[in-house]
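Dear colleague,

Please find below the structure I am handing over to you, followed by an account of what was found in it.

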Amino acid sequence: MVRTIAADLLEHPKVVETRNHIHHSVVKHDHLMRSARYSYHIAPLLGADRRTCVRAAVLHDLDSRLGTLTTHGAIAANIASEIGEPQEVASAIISHMYPFGPRPTTREGWVLVIADKMASLTDLTHFVRGLFNGRSLKVRRRLRESDPFFAEREKRKVCAASFLRCQRIDA
Ligand SMILES: [Fe+2]
Ligand SMILES: [Fe+2]
């Protein structure tokens, strides 16, 4: 089970805080857990180490907003190393955005590439389905308030908008 393999990681503050972060319009923690569950099932099919795959999946998008599409894997891989994860976990994380970014060099890396894509697709499906009963927008509203990165971005947008308004008035 994912929760048994990654019990310690799930209590780590960097993972816990993702419950308040937005990612693909859903809760980032949900995306990480979906990726971990898919990894758990795909790993034996590709002859990969299940524990490495699951632990890499739980950590693979930490602080992704500090990087770009191609670089955020390296950021999360660094965090994994700092937390004390072995090189195999970090290597799998670095290449999870393939073909955007580096090509995986291990079976575990390939598992995470596939699991992450499947999880992203499921994220989208959940979001669209939730639009019909209002759940998705409710979650989005909550995340807008709880995600410091999102709040900061919104503040910058408001500042930029008011700056432009002032410019127009002055002109
Ligand atoms: Fe990612
Ligand atoms: Fe991801």
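I begin with the nonpolar core. The largest nonpolar core has 34 residues, and those that touch the most other members are Ala 36, Cys 53, Val 54, Ala 57, Val 58, Ile 93 and Leu 112. Two or more residues of this core come from each of helix H1 (2–5), helix H4 (28–42), H5, H6, H7 and H8. In soluble globular proteins, nonpolar side chains tend to be buried together. Please bear in mind throughout that this is a predicted model.

Cys 53 deserves a separate entry. Leaving aside residues up to four places away in sequence, Cys 53 touches Ser 39, Ala 43, Ala 48, Ala 92, Glu 108, Val 111 and Leu 112.

As to the chain overall, 10 helices and two strands are present, and their order along the sequence is α-α-α-β-β-α-α-α-α-α-α-α. The C-alpha atoms fill a box of roughly 65 × 35 × 30 Å along the principal axes. The chain has 171 residues, of which 37% count as buried. Where contacts join residues at least 6 apart in sequence, 55% of them link residues at least 24 apart.

Next comes the pairing of H4 and H5. The two helices pack at an angle of about 165°, and their axes are 8 Å apart. An angle over 145 degrees counts as roughly antiparallel, and H4 and H5 are therefore roughly antiparallel to each other. Their crossing is right-handed. On the H4 side the contact involves Leu 32, Ser 35, Ala 36, Ser 39 and Tyr 40, which meet Arg 50, Cys 53, Val 54, Ala 57 and Val 58 in H5.

Helix H7 (residues 87–94) is largely enclosed by the rest of the structure, because six of its eight residues are buried. The buried residues are Val 89, Ala 90, Ser 91, Ala 92, Ile 93 and Ile 94. They pack against helix H5 (50–59), helix H6 (72–83) and helix H8 (107–133).

Most residues other than glycine have a negative phi, and most peptide bonds are trans. The following residues depart from that pattern.

- Ser 25, although not a glycine, has a positive phi of about 65°. This residue is found in the loop between strand S1 (22–23) and strand S2 (26–27). Ser 25 counts as partly exposed because it has 17 C-beta neighbours inside 10 Å.
- Asp 63, also not a glycine, has a positive phi of about 55° and lies in the loop between H5 and H6. With 16 C-beta neighbours inside 10 Å, Asp 63 counts as partly exposed.
- The peptide bond from Tyr 98 to Pro 99 is cis, with omega near 10°. Pro 99 is found in the loop between H7 and H8.

Finally, where does Lys 117 lie? Lys 117 is part of helix H8. Lys 117 has 15 other C-beta atoms within 10 Å and is therefore partly exposed.

Yours sincerely

Technical notes. Residues are numbered from 1 along each chain as its sequence is written. Chains are lettered from A and ligands numbered from 1 in the order in which they are written. This is a predicted model: local features need pLDDT of at least 70, side-chain atom pairs count only at pLDDT 80 or more; totals for chains, interfaces and linings use all residues. A residue is buried if 20 or more other C-beta atoms lie within 10 Å of its own, exposed if 12 or fewer, and partly exposed in between; C-beta atoms are placed from the backbone. Helices (H or I, at least four residues) and strands (E, at least two) are DSSP runs, numbered from the N terminus. Two residues are in contact if their C-beta atoms, placed from the backbone, lie within 7 Å. A nonpolar core is a set of buried Ala, Val, Leu, Ile, Met, Phe, Trp, Tyr and Cys residues joined through C-beta atoms within 7 Å. Axes are lines fitted to C-alpha atoms, for helices over the stretch in contact, and angles run from 0 to 180 degrees between N-to-C directions. Angles under 35 degrees count as roughly parallel, over 145 as roughly antiparallel, 65 to 115 as roughly perpendicular and the rest as oblique. A crossing is left-handed if the near helix is turned anticlockwise from the far one by less than a right angle, and right-handed if clockwise.
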